[in-house]
Amino acid sequence: MNARLDAAALQPDDALSHISQQWDRDIVRQLTDYIAIPAKSPGFDADWAQHGFIDTVVRNAATWVEAQKVPGLKLEVVRLPGRTPVLFFEIAATQSASKQTVLMYGHLDKQPEFSGWRSDLGPWTPKYEDGKLYGRGGADDGYATYASIAAVQELKRQNVPHPRIVGLIETCEESGSGDLPAYIDALKARMGDVGLVICLDSGAGNYDQLWLTTSLRGMVAGTLKVEVLTEGVHSGDASGLVPSSFRIMRQVLDRLEDSATGRLLPAGFHCEIPVDRIEQAQATAAILGDEVYRRFPWAHFDCNGSTLFALPTTTDPAQALLKRTWEPTLSVTGAEGFPALKDAGNVLRPYTAFKLSLRLPPLVDAVQSMQTLKALLEDNAPYQAKVTWEGASGANGWNAPGTADWFLNALNQSSRTHFGADCGFIGQGGSIPLMGMLSQGFPKAQMMVCGVLGPKSNAHGPNEFLHVPYAKKLTAAVAQVIASMPAGDA
């Protein structure tokens, strides 16, 4: 093993102090400007190129990175025809024996607005309050570009030798990263031999320690539509004879999901959970306890002085962690064919359409699942109704490779230094398509998949916020882990 573990060369307290100052002086302001720009992902803004918001956030990020004048940094906005742009930067190694590359990843596109924001907040109206920066996209994942560069700047400021570093910042992650494979193919030679991936697009179990994501679910999404009539008709005239499109929709979904338990019925959508992931879930459950499920914004009410809330599917913390990370689940995320309540007359509607989001366990193949789903939903429709499954997209999940000794030591040391506790390990229920792509291309690389999406941060929903004190410590932890990377093969 040719490993130079020189994290001591980085003064971590000094690093956190300077990084915190940079966040307060500059990064919060940059992210405030970023949040105000509705740079919705192409899946939610078909006219993204004409609107120009994605180009604006890319240009702003590029301008800021270049203004930092990081020694050895070269930056380029790469544009492949017909695809969303990516920001790519390279920083030459200062560690003479270094043979590998650190790849830093983030994205600048955003989820749509959603409803239910607090009266004084909004998706495009940033507000900084009690250490939290509210607004769409700051935590998911606009901060990653700025935090990544700040971590590198600190290594430069302290003259800590580092390996070669590249950055890949995309703009279609929230739409499934459909453009990313083409960019990875185009840029793979420039990436080099990636030995460490730093992805800051994930979550945290709490704000009290560093958290490493160990797995991500895959996803299949599309629109299921049931058509019975060409136009709406009087419900008193037709109901009982014309079958309800909503009832047919329920029957079709019953092929997929047991509505009593939420369990998905096709066996191919399930997989055996690795033993080490079960053990990690048990260890994490001991840290988080019932906060695993209490952290969600349940519909509360007061009954005789006792606060009650809608029950989760399980109150066992370890099972709760596994259910949200290693079990397939179905969510209806949108609907069409329904008038607003105030406009709903006595009309039998001609069609019902649902947008479905199917989360898949990390080891289940998304392409096969899409094929299974199409046949399951469309074949042999009740009453010979017109049932279509369209616009399907999918992405495989990801299960982290084995953790090298140097990497585990660096994670724990940086977490103890900045948080006073060892690193926690947690699976996430969301998807980051890039991780599966990189694991295939660089199977020996260590994966530092972390993020600021802790309790109540509510990415994709109302009142999304970036926890700035946590982001400062995470930025310092990133610098410390890079400083700990061996110069040769670990």
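Asn-458 is partly exposed, with a relative accessible area of 29% (buried means under 20% relative accessible area, exposed over 50% and partly exposed in between, with a 1.4 Å probe and protein chains only). This residue lies in the loop between strand S19 (446-449) and strand S20 (465-467), where helices (H or I, at least four residues) and strands (E, at least two) are DSSP runs numbered from the N terminus. Although it is not a glycine, Asn-458 has a positive phi of about 55°. The model is predicted, with pLDDT of at least 70 needed for local features and 80 or more for side-chain atom pairs, while totals for chains, interfaces and linings use all residues. Residues are numbered from 1 along each chain as its sequence is written, and side-chain values use heavy atoms, leaving out hydrogens and water.

Two further places stand out in the backbone. Most residues other than glycine have a negative phi, and most peptide bonds are trans. Gln-384, which is not a glycine, has a positive phi near 55°. It is found in the loop between helix H11 (366-378) and S16, and with a relative accessible area of 76% Gln-384 is exposed. The peptide bond from Asp-140 to Asp-141 is cis, with omega near 10°; Asp-141 is found in helix H4.

Helix H4 also has a helical partner. Two packed helices are described by the angle between their axes and the distance between the axes. Helix H3 (residues 53-67) and helix H4 (residues 138-157) pack at an angle of about 10°, and their axes are 11 Å apart. Here axes are lines fitted to C-alpha atoms, for helices over the stretch in contact, and angles run from 0 to 180 degrees between N-to-C directions. H3 is therefore roughly parallel to H4 (angles under 35 degrees count as roughly parallel, over 145 as roughly antiparallel, 65 to 115 as roughly perpendicular and the rest as oblique). H3 contributes Asn-60, Ala-61, Trp-64 and Val-65 to the contact, and H4 contributes Thr-145, Tyr-146, Ile-149 and Gln-153; contact means heavy atoms within 4.5 Å. These residues divide into 5 nonpolar, 3 polar and no charged (Ala, Val, Leu, Ile, Met, Phe, Trp, Tyr, Cys and Pro count as nonpolar, Asp, Glu, Lys and Arg as charged, and the others, Gly among them, as polar).

In the loop between strand S5 (132-134) and H4 sits Arg-136. Its relative accessibility is 1%, so Arg-136 counts as buried. The side chain of Arg-136 makes a polar contact with the side chain of Glu-464, at 2.7 Å (a polar contact is a pair of N or O atoms within 3.5 Å; within protein, one must be able to donate a hydrogen and the other to accept it, and residues adjacent in sequence count only if both atoms are side-chain atoms). Leaving aside neighbours within four places in sequence, Arg-136 is in contact with residues including Ile-35, Trp-117, Trp-124 and His-460.

Strand S5 belongs to an open sheet of 3 strands, in the order S4-S5-S20, with antiparallel pairing; two strands pair if DSSP finds at least two bridges between them. Strand S4 (127-129) and S20 stand at the edges with a single partner strand each, so one side of each has no neighbour in the sheet. On average, neighbouring strands of this sheet are turned by 20° against each other, direction ignored. Helix H14 (residues 468-484) packs on the sheet and touches S4, S5 and S20, its direction making about 55° with that of S20. Between S4 and S5 there are 3 bridges in the antiparallel sense, and Glu-129 has Lys-132 as its bridge partner in S5.

Another open sheet has 4 strands in the order S13-S15-S9-S16, again with antiparallel pairing. At its edges are strand S13 (329-336) and strand S16 (386-395), each pairing on one side only. Helix H7 (residues 245-254) packs on this sheet, touching S9, S13, S15 and S16, and its direction makes about 20° with that of S15. Strand S9 (residues 218-227) and strand S15 (residues 351-360) pair in the antiparallel sense over 10 bridges.

Strand S8 (residues 211-216) is mostly covered, with 6 of its 6 residues buried. S8 pairs in the parallel sense with strand S18 (residues 424-428) over 5 bridges, and in the antiparallel sense with strand S17 (residues 398-399) over 2 bridges.
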